[in-house]
Amino acid sequence: ELAEALAATVALALAGAVVTTLAAIPVVWLAVRHRGWASTVIERSTYIANALPGIVVGLALVVASLRLVPAIYQTAALLVAAYVILFLPRAVVTVRAGLEQAPTVLDDVAHSLGTGPLATARRVTLPLIAPSLGAGTALVFLAISTELTATLMLSPIGTHTLATEFWSASSELRYGAAAPYALLLVLVSIP
């Protein structure tokens, strides 16, 4: 059970962290490279989720999925969508810090040498912001690993994560049974 919960936690947290960080890139790119009122509104709208508890996001996604697309209710995709909504602000802040430090003059030099916009992003900008992408992914991974409310509401039936198993055991006052899950949560967060 412990290994199964660890595997589910790592898989969901990794998927959620990667998707969240990838979703942060276009938001940050607009906010930093194409400053304006529209890009500012888009970037700041991502921070609204930071004020929302996981239960609010979870309930909203339960209602929306059941009314609009019942087939995605209690799927990993819906759970990852909840993680993106909840933790996008963490990724945006971290990725923005990296992109702010990547000089736009390097993009201009690459363009003057005949490199297109996508090749410039791939060969110049992405290597410069790779550390911030990694840091953002790690922070989101850690947050998802310990997230409980949305995971309880939206996870597929039979999915048990370290956080849900810890909560289950500790809510039943079985602290000895909860301890290994807590220890693994700490060990997962160390790297």
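What follows is a chat about the structure shown above.

Q: Hi! What kind of model is this, and how are the residues numbered?

A: It is a predicted model, where local features need pLDDT of at least 70, side-chain atom pairs count only at pLDDT 80 or more, and totals for chains, interfaces and linings use all residues. Residues are numbered from 1 along each chain as its sequence is written, and side-chain values use heavy atoms, with hydrogens and water left out.

Q: Great. How many helices and strands does the protein chain have?

A: The protein chain has nine helices and zero strands. Helices (H or I, at least four residues) and strands (E, at least two) are DSSP runs, numbered from the N terminus. In sequence order the pattern reads α-α-α-α-α-α-α-α-α.

Q: What does the C-alpha trace span along its principal axes?

A: About 65 × 40 × 25 Å.

Q: And how much of the chain is buried?

A: Of the 191 residues, 40% are buried. Buried means under 20% relative accessible area, exposed over 50%, and partly exposed in between (1.4 Å probe, protein chains only). The chain exposes about 10200 Å², and carbon and sulfur atoms supply 71% of that area. Those areas come from the Shrake-Rupley method with a 1.4 Å probe, and for residues only the protein chains shown count as cover.

Q: Let's do packing. How do H4 and H6 sit against each other?

A: Helix H4 (residues 76-100) packs on helix H6 (residues 117-146) at an angle of about 150°, with the axes 8 Å apart. That makes the two roughly antiparallel. For the cut-offs, angles under 35 degrees count as roughly parallel, over 145 as roughly antiparallel, 65 to 115 as roughly perpendicular, and the rest as oblique. Axes are lines fitted to C-alpha atoms, for helices over the stretch in contact, and angles run from 0 to 180 degrees between N-to-C directions.

Q: Which residues make the contact?

A: On H4 they include Tyr83, Phe87 and Arg90, and on H6 they include Ile129, Leu133 and Leu139. Contact means heavy atoms within 4.5 Å. By class, the contact of H4 with H6 has 12 nonpolar, five polar and one charged residues. Here Ala, Val, Leu, Ile, Met, Phe, Trp, Tyr, Cys and Pro count as nonpolar, Asp, Glu, Lys and Arg as charged, and the others, Gly among them, as polar.

Q: What about H1 and H6, at what angle do they cross?

A: The axes of helix H1 (residues 2-33) and H6 come within 8 Å and cross at roughly 135°. H1 and H6 are therefore oblique to each other. Their contact divides into 13 nonpolar, eight polar and one charged residues.

Q: Which residues other than glycine have a positive phi?

A: Gln74 is one of them, with phi near 55°. Gln74 lies in the loop between helix H3 (54-68) and H4, and is partly exposed with a relative accessible area of 25%. Leu173 also has a positive phi, near 60°. Leu173 is in the loop between helix H8 (162-171) and helix H9 (175-189), and counts as exposed at 61% relative accessibility.

Q: Last one: where is Arg67?

A: Arg67 is in helix H3. At 70% relative accessibility, Arg67 counts as exposed.
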